[in-house]
Amino acid sequence: LKSAATLPPPCTALDTPRCTAPDPRTQMAVSGLATRAVLLLCSVVAAVGQSVRGAAEAAVATAEYPMTTVPTNGHSDLAIYSMVAAVVAPFAGIGIMLAAKEKGWWGACWLISGLITLLWVYLAYIAL
């Protein structure tokens, strides 16, 4: 590293090629301020975190756990249906898109309109 005595003096005129670049001492000062600001922010976050930690532990310690038994689900076959749907849905979607592609623009229109209509019918049925 260069000592302060060997660094060139700061630029005073912008007509020389050396004076077009920013002063390295200014860059180091700005970098130092940014580092101090980040360090201060981290210190504040750590201090706030310490004060919140005790409150969270106290809340967990005083919490009540009313559930003593595990509830049973009468619809346990829904997990199997969801796994089958995760495999079948992409293949059905690709098949529908290939069928719609043969019809050109009308295929895309019917595909989008059909999806919107199916969603509307489903939501209307659920709202009953």
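Q: What is the accessible surface of the chain, and what share of it belongs to carbon and sulfur atoms?
A: In this predicted model, the accessible surface of the chain comes to about 11700 Å². Carbon and sulfur atoms account for 74% of that area.

Q: How many of the residues count as buried?
A: Of the 128 residues of the chain, 2% count as buried, where buried means under 20% relative accessible area.

Q: What makes Ala-100 a buried residue?
A: Ala-100 has a relative accessibility of 12%. The cut-off for buried is under 20%, so Ala-100, at 12%, counts as buried. Ala-100 is found in helix α2, and its C-alpha atom is separated by 6.8 Å from that of Leu-111, 11 residues apart along the chain.

Q: Why is Phe-91 called exposed?
A: The relative accessible area of Phe-91 is 62%. Exposed means over 50%, and therefore Phe-91 is exposed. Phe-91 also lies in helix α2, residues 78-101.

Q: Why are Cys-42 and Cys-109 called partly exposed?
A: Partly exposed covers values between the 20% cut-off for buried and the 50% cut-off for exposed. Cys-42 has 47% relative accessibility, so it counts as partly exposed. Cys-109, at 26%, counts as partly exposed because its value also falls in that range.

Q: How many disulfides are counted?
A: The count comes to 0 disulfides, the rule being a pair of cysteine sulfur atoms within 2.5 Å.

Q: What is the pattern of elements along the sequence?
A: The pattern is α-α-α, with 3 helices and 0 strands in the chain.

Q: How do you know that the length of α3 agrees with its number of residues?
A: The 23 residues of α3 should span 33 Å at 1.5 Å a residue. The end C-alpha atoms of α3 are 33 Å apart, so the two values agree.

Q: What shows that α3 is hardly covered?
A: Among the 23 residues of α3, the count of buried residues is 1.

Q: Which helix has the lowest mean pLDDT, and which the highest?
A: Helix α1 (residues 24-62) has the lowest, at 73, and helix α3 (residues 105-127) the highest, at 90. For the chain, the mean pLDDT is 76, and 61% of the residues reach 70 or more. Where pLDDT is low, predicted coordinates should not be read in detail.

Conventions
Residues numbered from 1 in each chain as written. Predicted model: local features only at pLDDT ≥ 70, side-chain atom pairs only at ≥ 80, totals over all residues. Heavy atoms only, no water. Helix = DSSP H or I, 4+ residues; strand = E, 2+ residues; numbered from the N terminus. Buried < 20%, exposed > 50% of the residue type's maximum accessible area, 1.4 Å probe, protein only. Areas by Shrake-Rupley, 256 points an atom, 1.4 Å probe, with all protein chains shown as cover. pLDDT = per-residue confidence, 0-100. Expected span 1.5 Å × (residues − 1).
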